[in-house]
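Biologist: Can you put the model up and take me through it? I will ask as we go.

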Amino acid sequence: PSPPLTGDTTHAVYTGRTTSWTTVASTCVAAVLLAIVAISSGGPWSDPVIMFPLLLIAAGVLADVLTASSVRATAGPNGFTIRWGSFGWPRCSYPLDHIARAEVIDLPWWRVSWGFWWTPRRTSCTLRSGPTVRLSLSTGRIVTVTVPEPAAAVAALHAAKVARSHA
């Protein structure tokens with residue numbers, strides 16, 4: 001038998017997933033339109049001028065649907081982790097000790113990246129406007145992430161910080 005657990009063994013953990021069906025639909029519509037343009041050139045299917053663009057379009061749609069159509073986030077004692085798409089890749093993890101501040105902001109529509117956007121000072125993983133989690137890291141980097149319940153994610157991070165400071 002296992003020894004009994006001692007001390008406080010409860011942790012607040014938030015998990016949420018945001019999917020942008022608008023992005024998936026827009027990508028598919030754009031792919032169909034590009035395919036129609038390629039096919040309307042009148043050449044045979046085996047012509048590299050037609051086949052190569054069609055293969056690029058198919059690869060782009062597949063990559064978009066598998067990696068950029070949804071965001072899964074986990075917040076809690078281990079910090080904040082973001083996983084993209086169907087397979088959870090790419091993935092970003094921010095340990096709790098590296099998070100200087102977590103807050104809920106109202107992200108305006110014109111600041112939405114509609115996917116993953118990285119600059120030397122910011123990382124943005126946003127699929128919609130509205131309430132969003134913003135992390136300020138101890139390095140100065142700002143991380144903005146779309147989650148279904150941003151207040152719950154921030155509360156889980158704050159609870160983990162408080163629990164760690166009392167340990």
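Modeller: Strand S8 (residues 130-137) and strand S9 (residues 142-145) pair in the antiparallel sense over four bridges. Strands are DSSP runs of E of at least two residues, helices are runs of H or I of at least four, and both are numbered from the N terminus. Two strands pair if DSSP finds at least two bridges between them.

Biologist: Before we go on, what kind of model is this, and what are the ground rules?

Modeller: It is a predicted model, in which local features need pLDDT of at least 70 and side-chain atom pairs count only at pLDDT 80 or more, while totals for chains, interfaces and linings use all residues. Residues are numbered from 1 along each chain as its sequence is written, and side-chain values use heavy atoms, with hydrogens and water left out.

Biologist: Back to the strands. Which residue in S9 does Arg134 stand opposite?

Modeller: Thr144. The side chains of Thr144 and Arg134 are also joined by a polar contact of 3.5 Å. A polar contact is a pair of N or O atoms within 3.5 Å; within protein, one must be able to donate a hydrogen and the other to accept it, and residues adjacent in sequence count only if both atoms are side-chain atoms.

Biologist: Is Thr144 buried or exposed?

Modeller: Buried, because its relative accessibility is 5%. The cut-offs are under 20% relative accessible area for buried and over 50% for exposed, with partly exposed in between (1.4 Å probe, protein chains only).

Biologist: What does Thr144 touch?

Modeller: Leaving out residues up to four places away in sequence, Thr144 touches Ile105, Leu107, Thr123, Ser124, Cys125, Thr126, Thr132, Val133 and Arg134. Contact means heavy atoms within 4.5 Å.

Biologist: And what is the strand order in the sheet with S8 and S9?

Modeller: S5-S8-S9-S7-S6, five strands in an open sheet with mixed pairing. Strand S5 (99-107) and strand S6 (115-118) are the edges, each pairing on one side only. From one strand to the next the twist averages 15°.

Biologist: Which helix packs on that sheet?

Modeller: Helix H3 (residues 150-166), which touches S5 and S8 and has a direction at about 165° to that of S5. Axes are lines fitted to C-alpha atoms, for helices over the stretch in contact, and angles run from 0 to 180 degrees between N-to-C directions. H3 also lies across S1, S2 and S3, running at about 30° to S2.

Biologist: What sits in the loop between S9 and H3?

Modeller: Thr146 is in that loop, and Thr146 is buried, with a relative accessible area of 0%. A polar atom of the Thr146 side chain lies 3.0 Å from the backbone nitrogen of Leu127. Beyond its neighbours within four places in sequence, the contacts of Thr146 are Thr18, Val71, Cys125, Thr126, Leu127, Arg128 and Thr132.

Biologist: Now the other sheet. How many strands form it, and in what order?

Modeller: Four, in the order S1-S2-S3-S4, open and antiparallel. Its edges are S1 and strand S4 (91-94), each pairing on one side only. Neighbouring strands are turned by 10° against each other on average, direction ignored.

Biologist: How many residues of S2 are buried?

Modeller: Five of the seven in strand S2 (residues 70-76).

Biologist: Last topic, H1 and H2. At what angle do they pack?

Modeller: Helix H1 (residues 21-39) and helix H2 (residues 48-68) pack at about 175°, with their axes 10 Å apart. They are therefore roughly antiparallel; the classes are under 35 degrees for roughly parallel, over 145 for roughly antiparallel, 65 to 115 for roughly perpendicular, and oblique for the rest.

Biologist: Which residues meet there?

Modeller: From H1, Thr23, Val24, Thr27, Cys28, Ala31, Leu34, Ala35, Ala38 and Ile39; from H2, Ile50, Leu54, Ile57, Val61, Asp64 and Val65. They divide into twelve nonpolar, two polar and one charged. Here Ala, Val, Leu, Ile, Met, Phe, Trp, Tyr, Cys and Pro count as nonpolar, Asp, Glu, Lys and Arg as charged, and the others, Gly among them, as polar.
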